[in-house]
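These notebook entries record what I looked up in one structure. I kept them in the order of my reading.

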Amino acid sequence: MLLLQQIVNGLMLGGVYVMVAVAFTLTIGMLNFLNFTIPALFMLAAMFFWATLGGGFGSGFTNLLNHWVPQSMHWVVAAGLALLVAILASLLIERFTYRYMKTRFGDATEHAIPLVSSLGFLIMFEHLVIMTWGTDPLSVNSPFGTATIKVGGLLFGVPQLLSLVFSIAIVWVLHIMLMHTKTGRALRSIAENPDTALMLGVDVQRIVPLVYVVTGGLCAIAGILFAINYRTVGPYIGDQVATVAIAGMVLGGLGNIWGAIVGGLIVGLLEVLSTYWFGADIVKVPVWGLLLLVLIVRPSGLFGHATIGKGKF
Amino acid sequence: MLLEIDSLDVRYGRNHALQNLSLQIDHGEIVTVLGANGAGKSSLLKAILGMVKPAAGQIRFDGADVDRWTVPKRVRNGLALVPEGRQILTSLTVHENLLMGAYPRRDVRAADIDAIYQRFSNLAARRDMSASVLSGGEQQMLAIGRALLSKPVLMMLDEPSLGLSPLLVQELFSLLQQLNTDGLSLLLVEQNTNMALKVASRGYILELGRVVLQGPAVALAADEQLQSAYLGE
Ligand SMILES: Nc1ncnc2c1ncn2[C@@H]1O[C@H](COP(=O)(O)OP(=O)(O)O)[C@@H](O)[C@H]1O
Ligand SMILES: [Mg+2]
């Protein structure tokens, strides 16, 4: 029973990884770009969520909030602000990494520069947050508390359960949109060959920011769910979650949405189970050990295609 | 004039792909552009569609100056390209490829797509399969069907007969003639000189980015010196 409980916990932890892994996989699949700002978007959203509820914006803001919004709805404002900041930050990154390279050199995908500048944005965002709120872990005033439900002896944390269901549902909707809408088809065409998409009359320059909006949105929701689940946030939470999510994405296969889901759940499970069996100190070893093993045995991951950056949706 | 190109220059860095090129196409015409590999034929078609930015020169289409138009705008206004190598989207189904052809237009009806399936029954049979299963000939039909769904006024084809069997080449050229009879103007880039000069009314011969000869297709076809000098036959 204890083991089963750990499996449940692992899958629920995996929900957060799934969203971040899907965010990574989307930019790689669509744009052939490993977007290192994703951890920052995640962290910014979690911090803004905390700040809205926990007075991080100062007493003036808190007074305004108390005056205009009933207490029970504060979390909606917090989530809205978190989404907004992550999406705006993501668009900023699109403007100064991807689009800049594209207009300057005609091709953003064959340069390491967007990768390096996205790393620069990550560090900058983290330090802006540190300058504002410091490095200490901050405790989130979660509206959902620690409610649990018990089913057949197994304990399900309500926030955890909600976030697992929510993240799978969101990714499922994203998948439906990619497969069955006109914009989804255009995005898949760009993923396979941007030149062909352009030739057919797809406004590639206009549609690429959409990928960044979705990336920002996914990271924001993951950040909010993290804040609700762990009720502790800090400037470096993005790094921790994103490195594990990257491992999950590579496990599942680069650029494959379903691979990111399965991979995200697997690393969540692996993390919880190895903590259970071997203790917390060792947890990175099995996750990254498995990743390296998969890279050696099956470099394309569980569901990936042999070629990276071409047609994976 | 449907298309008027005046002193077009295309460069890739130091590489001068087209120099001082002028070309005209009238409504309802089939015009062919011939030349060896590297002559600049593909660059010409890409410049007309807006995929590459010319260094100098002017392109007028249907009376409008299109130089500052984006590719989507040019497609919406009646330019379409059947590219070299077909560029089928193999991660999409056959049907999705056709839908992508209709992408920039709002006025494409189910009947328009049915008409394509009626013309190309092989595609109808593979409608929901991945486009990667198609043979070379079927891929060419899909590329043409896809271009037709953007309802072009001028369709440009880049070496459409490449890699097709002689029988399929015959079918392709009679299809092109039929489309032309139905009112579509064509700009046909070919290495299959004989066939191209048979269907076209006029031709241009490119060499290293310049027009070295131009005239009625019959005259070009009869020019033996041309045949040996530029067309390698
Ligand atoms: N993307 C490119 N970058 C650099 N040079 C190119 C590019 N595309 C074509 N070229 C060069 O431009 C010239 C014309 O090429 P192209 O238009 O493809 O000729 P064709 O279609 O007649 O074979 C060639 O010398 C080719 O090497
Ligand atoms: Mg060519």
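**Entry 1. Chain B as a whole**

I note at the outset that the model is predicted. I counted the secondary structure of chain B and found ten helices and ten strands. I then looked up its extent: the C-alpha atoms of chain B fill a box of roughly 45 × 40 × 35 Å along the principal axes. I compared the radius of gyration of chain B, 17 Å, with the value near 17 Å for a compact globule of 233 residues, and the two agree.

I recorded that 52% of the 233 residues in chain B are buried. The accessible surface of chain B is about 10200 Å², and carbon and sulfur atoms account for 47% of this surface. For contacts in chain B between residues at least 6 apart in sequence, I found that 67% join residues at least 24 apart.

**Entry 2. Helix α1 of chain B**

I asked how many of the nine residues of helix α1 (residues 41-49) of chain B are buried. The count is eight, so this helix is largely enclosed by the rest of the structure. The buried residues of α1(B) are B:K41, B:S42, B:S43, B:L44, B:L45, B:A47, B:I48 and B:L49. Just after α1(B), I noted that B:G50 has a positive phi of about 95°.

**Entry 3. B:F61**

I located B:F61 in strand β4 of chain B, which covers residues 56-61. Is B:F61 buried or exposed? Its relative accessible area is 2%, and buried means under 20%, so B:F61 counts as buried.

Leaving out residues up to four places away in sequence, I listed B:L2, B:L3, B:V66, B:N77, B:G78, B:L79, B:V153 and B:L154 as the residues that B:F61 touches. One of these, B:N77, is 16 residues from B:F61 in sequence, and their C-alpha atoms are 8.9 Å apart.

**Entry 4. B:L149**

I found B:L149 in the loop between α6 and β7 (154-158) of chain B. B:L149 is also buried, with a relative accessible area of 3%. With residues up to four places away in sequence excluded, B:L149 touches B:L98, B:G101, B:A102, B:R105, B:V108, B:D112, B:I113 and B:I116. I also took the separation of B:L149 and B:L168: they are 19 residues apart along the chain, and 22 Å lies between their C-alpha atoms.

**Entry 5. The cavity**

I searched for cavities of 30 Å³ or more and the count came to one. The largest cavity holds about 60 Å³ of space. Which residues line the largest cavity? From chain A they are A:M199 and A:L200; from chain B they are B:V75, B:A80, B:L81, B:G101, B:R146, B:A147 and B:S150. The elements that give two or more residues to this lining are β6 (79-82) and α6 (136-148) of chain B.

I recorded a volume of about 460 Å³ for the second largest pocket. Its lining has 21 residues, and A:L13, A:Y17, A:Y230, A:E271 and A:V272 lie nearest the centre. In chain A, α1 (2-31), β3 (154-157), α9 (204-230), α10 (237-252) and α11 (257-278) each give two or more residues to the lining. The largest share, six residues, comes from α1(A).

Definitions and conventions
Residues numbered from 1 in each chain as written. Chains lettered and ligands numbered in written order. Predicted model: local features only at pLDDT ≥ 70, side-chain atom pairs only at ≥ 80, totals over all residues. Heavy atoms only, no water. 1 Å grid on protein atoms, 1.4 Å probe; cavity = no way out; pocket = protein on both sides within 12 Å on 5 of 7 lines; lining within 4 Å. Points joined across faces, edges and corners; volume = space filled by probe spheres on them. Helix = DSSP H or I, 4+ residues; strand = E, 2+ residues; numbered from the N terminus. Rg over C-alpha atoms; globule rule 2.2 N^0.38 Å. Buried < 20%, exposed > 50% of the residue type's maximum accessible area, 1.4 Å probe, protein only. Contact = heavy atoms within 4.5 Å. Areas by Shrake-Rupley, 256 points an atom, 1.4 Å probe, with all protein chains shown as cover.
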